[in-house]
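This report sets out computed features of one protein model, moving from a loop residue to the fold and then to a surface cluster. Please read it alongside the sequence and the coordinates.

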Amino acid sequence: VYDRGNGATILLYNREQRTVLLIRQFRMPTFVNDYHGYLIEAAAGLLDNASPEERIRLEAEEETGYRVGHVEKIYAAFMSPGSVTERIHFFMGEYQPGDRVGSGGGLEEEGEDIEVLELGFDEALAMVQNGEIVDGKTIMLLQHLELRMLKEGW
């Protein structure tokens, strides 16, 4: 069993523009498993003794450059319960262009080199279908938003 601590992730979306904010960064474990290593993901991070809501607000701003107002907790899930203790807290939050307070990109002192991507929602879903988005937490969040959009008719 590997205990790495718990984490949080968030899908930032803009309802009017039908866009989502995702990030692209290199992930060594995917590279050593016969993948090119660059994952497109929702912003995320380990809790590091903070509450899930507090941590995800900080991570969203560090990684995307957007300050999140209201965040909505969707659920918490174990992503690899056969070997890893980590529980991830899933959030969603709306963003507007005026919420941008920085360039994002992560923290250099943590070795982060993150590219911020603003994608059309339909484009992001197509990227799941064609294998460009392979990160489990991101797929779950995009599908949750898709279900919400169908249910609420937007």
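In which loop is D48 found? D48 is found in the loop between β4 (43-46) and α2 (52-64), where helices (H or I, at least four residues) and strands (E, at least two) are DSSP runs numbered from the N terminus.

## Basis of the values

The model is a predicted one, in which local features need pLDDT of at least 70 and side-chain atom pairs count only at pLDDT 80 or more, while totals for chains, interfaces and linings use all residues. Residues are numbered from 1 along each chain as its sequence is written, and side-chain values use heavy atoms, with hydrogens and water left out.

Most residues other than glycine have a negative phi. D48, however, has a phi near 50 degrees, a positive value in a residue other than glycine. With a relative accessible area of 55%, D48 is exposed, on a scale where buried means under 20% relative accessible area, exposed over 50%, and partly exposed in between (1.4 Å probe, protein chains only).

D34 also has a positive phi, near 60 degrees, and is likewise a residue other than glycine. D34 is placed in the loop between α1 and β3, and its relative accessibility of 79% makes it exposed.

## Overall fold

The protein chain holds four helices and seven strands, and its elements run β-β-α-β-β-α-β-β-β-α-α from the N terminus on. Its radius of gyration is 15 Å, close to the 15 Å that the globule rule gives for 154 residues, so the chain is as compact as a globular protein of that length; the radius is taken over C-alpha atoms, and the rule is 2.2 Å times the number of residues to the power 0.38. Along the principal axes, the C-alpha trace spans about 45 × 30 × 25 Å.

Of the 154 residues in the protein chain, 43% are buried. Where contact means heavy atoms within 4.5 Å, 66% of the contacts between residues at least 6 apart in sequence join residues at least 24 apart. The chain exposes about 8,400 Å², of which carbon and sulfur atoms supply 48%; these accessible areas come from the Shrake-Rupley method with a 1.4 Å probe, and for residues only the protein chains shown count as cover.

Rings of Phe, Tyr and Trp (its six-membered ring) pair if their centres lie within 6.5 Å, with planes under 30 degrees apart counted as stacked, over 60 as edge-to-face and the rest as tilted. By this rule the count comes to four aromatic pairs. In one of them, the rings of F26 and F31 have centres 5.7 Å apart and planes at 50 degrees, so the pair is tilted. The rings of F26 and Y38 have their centres 5.3 Å apart and their planes at 65 degrees, so this pair is edge-to-face. Because F26 lies in strand β2 and Y38 in strand β3, the latter pair ties together parts that are 12 residues apart in sequence. Ring pairs link F26, F31 and Y38 into a cluster.

Y38 belongs to strand β3 (residues 38-41).

Is R27 buried, partly exposed or exposed? R27, which lies in the loop between β2 (19-26) and α1 (28-31), is partly exposed, with a relative accessible area of 31%. Not counting residues up to four places away in sequence, R27 touches G37, L39 and E41. The C-alpha atoms of R27 and H70, 43 residues apart along the chain, are separated by 29 Å.

R148 is placed in helix α4 (residues 136-152) and is buried, its relative accessible area being 14%. Leaving out residues up to four places away in sequence, R148 touches Y13, E72, I74, M92 and W154.
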